[in-house]
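Below is a short briefing on one protein chain. Please look over the sequence and the structure before reading the points that follow.

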Amino acid sequence: MAQYARTKGSIALITLTNPPVNALSAAVRKGITEAVARAFKDTQVKAVVLCGENGKFCGGADITEFAKPMLGPPLVPMIHAIEAGEKPVVAAIEELALGGGLELALGCHYRVAHAKARLGLPEVTLGLLPAAGGTQRLPRLTGIPAALDLITTGRHISAQEALKLGIVDRLTEGNAVEAAVELALSVVGRPLAPRRLSNRATPLPADLDGVFEEVLVQVKRRARGAMAPVACVKAVRAAAELPYSRGMECERELMNTLFTSGQARALQYCFFAQRAAGKWSLPNGARWDNSRPRAVHTAGVIGLGTMGRGIAVCLVKAGISVVAVETEEKQLDSGRRAVRGMLERDAKRRGVTAPLHLITFTLSLQQLRDVDLVIEAVFEDMALKKSVFAKLSRVCRPNALLCTNTSGLDVDELASVTDRPPLVVGMHFFAPAHVMKLLEVICGPRSSPETVATAMTLGKRLGKVSVAVGNCPGFVGNRMLKLYLDQAHFLLEEGASPEQVDQALEEFGFALGIFKVADLSGLDIGWRVRKEAGLIGPDVDPKFPSRHRQGRRYCPLPDLLCEQGRLGQKSGRGWYLYDSAGGKEARPDPAISSFLQEYRLRYGISARRVPEQEVVERCVFALANEGFRILEDSMAAGPEDIDMVYVFGYGWPRHRGGPMFHAAQVGLATVLQRLEFYHGQNPDIPHLQPSTLLRKLVGAGSPPIQRWKQHIRSVHSQL
């Protein structure tokens, strides 16, 4: 809808009304079209101001309409009509002008923005491109390099940057609508032809071909197989080389290709799944919308290693006062320098003062006596964590929440040593904690609704995508990761190399292959976990370690590497070779090739050629298969939650939607058939056996992913 009013006698004020962000639904487009036509016909109206209701200009297209038949006036002719009008039209941009909202503003003759507004063309993040003239008008206004940056990344920019780029004409600290009305009155009677962006020639850089070649290389590397960023480059090139009308034809053709693609469906699925992840529920009826979180003003962080430092930075940046605790002066000093450095660098980048006054550092747990919440981030050892939680029970006030950053230990076992099991919850951050978006909130069987609500709300405040998961070994992410990693190790035994496996996974879309990730994280971490799980111990023959343990196939390759001191980047050697300890650039190591050959010879394994398809299918389908088991066990509320864990925590390519969405897109029957095939070849790998839920879904005709929950029946939900 759009409201029509007159102000200052001769100014038509058209207000978009479609809360919460005034999206351009069919009804809104119809309202704008009719209101603009009315203003242009009214002889008493000399100029028009477009604005949005409730202090928001326009958040863009109504994404819920994408899967429906097109209704209402199309956006492109509507914007063309505004631009072609003989009366000046001024956009009053408050809070946001995103996607189609910014394209609407670009069709206006002038643009006024509030100083706190954000602008951008984020369509690429949905697998699309700006298809209402954005790829053609923006380059004519800002030039090619700036337009390429904004359109291919989809990033939001401040009003100040928009002013520097020429996207807006004026900024105001006051009322943007009033400022737009003043501007409209001042430009009445001025020629409009120079203000119509479609009439302008695109300013071209001296080396046009060089600019596009360089950008295309960067975009392809960053996109990792995503189609939309490359299509955006092609559309902007059309703006550089073709007249406006032909450029619009190119934009439309590229959009038609993207709109029906599987990648667009995957990215739009991610958009909605991310928002759904915060809508948690518990078996007792507690939900996100009926459980009130506690206010968190002060927090404690115990442990200033890599994770603790990042968590402390997150909390301080969110305006929370932090007490950071370490056990020894040396670690405390190191942590203090690191945290302050991260805060100062972040503040410098954003042009603000670092909030160092919000954090204090201490060796005394007693300093935590008045905090609202404590996040424990000590070494991943159950006995150590129990000791910490027992001490916290004695130190903290009775209503303080106790949170653990464990990556896989039993949260309820930790809660059992406290005087407040209902106030204990897991908050699994991902390294580096001040950068990674995912937060797994582990709901122990005794965690209260208020505790879960507080952890989830705090995660949102920290800028995280918070996902509520059940309490089981590895939770969701690491439980699945173990099987993914197992498959990669088995493929090495059978004849593949680390670089071959990594290349296949990176071409699939992962930012890093699994062996590069292992080197980055440190091979000793998994080694320690396997020891604690009883897979490594004094009963294992050091000269000829068994390839079958705890009733299933086991690969001792990573254990043997650790015994050689090859721990990954930290030691300068792991699955790859690095220039020095702490080096970043991975190079194939001939020693690993010899090591694998000797290993196969020792165990009588005949190496074979492993096809790229097998690498991807065994690793990716094993992930999805365990995801189905997690749904069977009710450790995640739905497939969307699993997918968000992998997209935001494990580098899963967004344009493939997540392991569960990918399985649905490939076809559940196909996934079932391939798992049966690989399990037939490897009967000693139980997790290749298709899950009961996968078989059930295939038997039900492979329903769409949104209906999987109807087929999941679990007596004892863990959420």
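This is a predicted model: local features need pLDDT of at least 70, side-chain atom pairs count only at pLDDT 80 or more; totals for chains, interfaces and linings use all residues.

A salt bridge here is a side-chain nitrogen of Lys or Arg within 4 Å of a carboxyl oxygen of Asp or Glu. The side chains of Glu 493 and Arg 553 meet this definition, with N and O 2.9 Å apart.

- The structure contains 40 salt bridges.
- One of them joins Arg 479 to Glu 626, whose closest N and O atoms are 2.8 Å apart.
- Arg 479 belongs to helix H17 (residues 477-494) and Glu 626 to helix H23 (residues 612-632), so this pair ties together parts that are 147 residues apart in sequence.
- The Glu 493–Arg 553 salt bridge, at 2.9 Å from N to O, also links distant parts of the chain: Glu 493 is in helix H17 and Arg 553 in strand E19 (residues 552-553), 60 residues apart.
- Arg 674 and Glu 617 form another salt bridge, with 2.9 Å between the closest N and O atoms.

- Glu 493 and Arg 553 are both buried.
- Arg 674 counts as buried at 17% relative accessibility, and Glu 617 is buried with a relative accessible area of 11%.

**A network of salt bridges**

- Glu 493 and Arg 553 also belong to a network of salt bridges, together with Glu 494, Arg 547, Arg 608, Glu 614 and Arg 618.

**An open sheet**

- An open sheet is formed by 6 strands in the order E1-E2-E3-E4-E6-E9, with mixed pairing.
- Strand E1 (2-7) and strand E9 (170-172) are at the edges and have a single partner strand each, so one side of each has no neighbour in the sheet.
- From one strand to the next, the twist averages 20°.
- E1 and E2 are antiparallel and share 6 bridges; Thr 7 stands opposite Ile 11 in E2.
- The hairpin of E1 and E2 has 3 residues between the strands, and Lys 8 takes a positive phi near 55° there.
- Strand E2 (residues 11-16) runs parallel to strand E3 (residues 47-52), joined by 6 bridges; Leu 16 has Gly 52 in E3 as its bridge partner.

Conventions:
Residues are numbered from 1 along each chain as its sequence is written. Side-chain values use heavy atoms; hydrogens and water are left out. Two strands pair if DSSP finds at least two bridges between them. Helices (H or I, at least four residues) and strands (E, at least two) are DSSP runs, numbered from the N terminus. Axes are lines fitted to C-alpha atoms, for helices over the stretch in contact, and angles run from 0 to 180 degrees between N-to-C directions. Buried means under 20% relative accessible area, exposed over 50%, partly exposed in between (1.4 Å probe, protein chains only).
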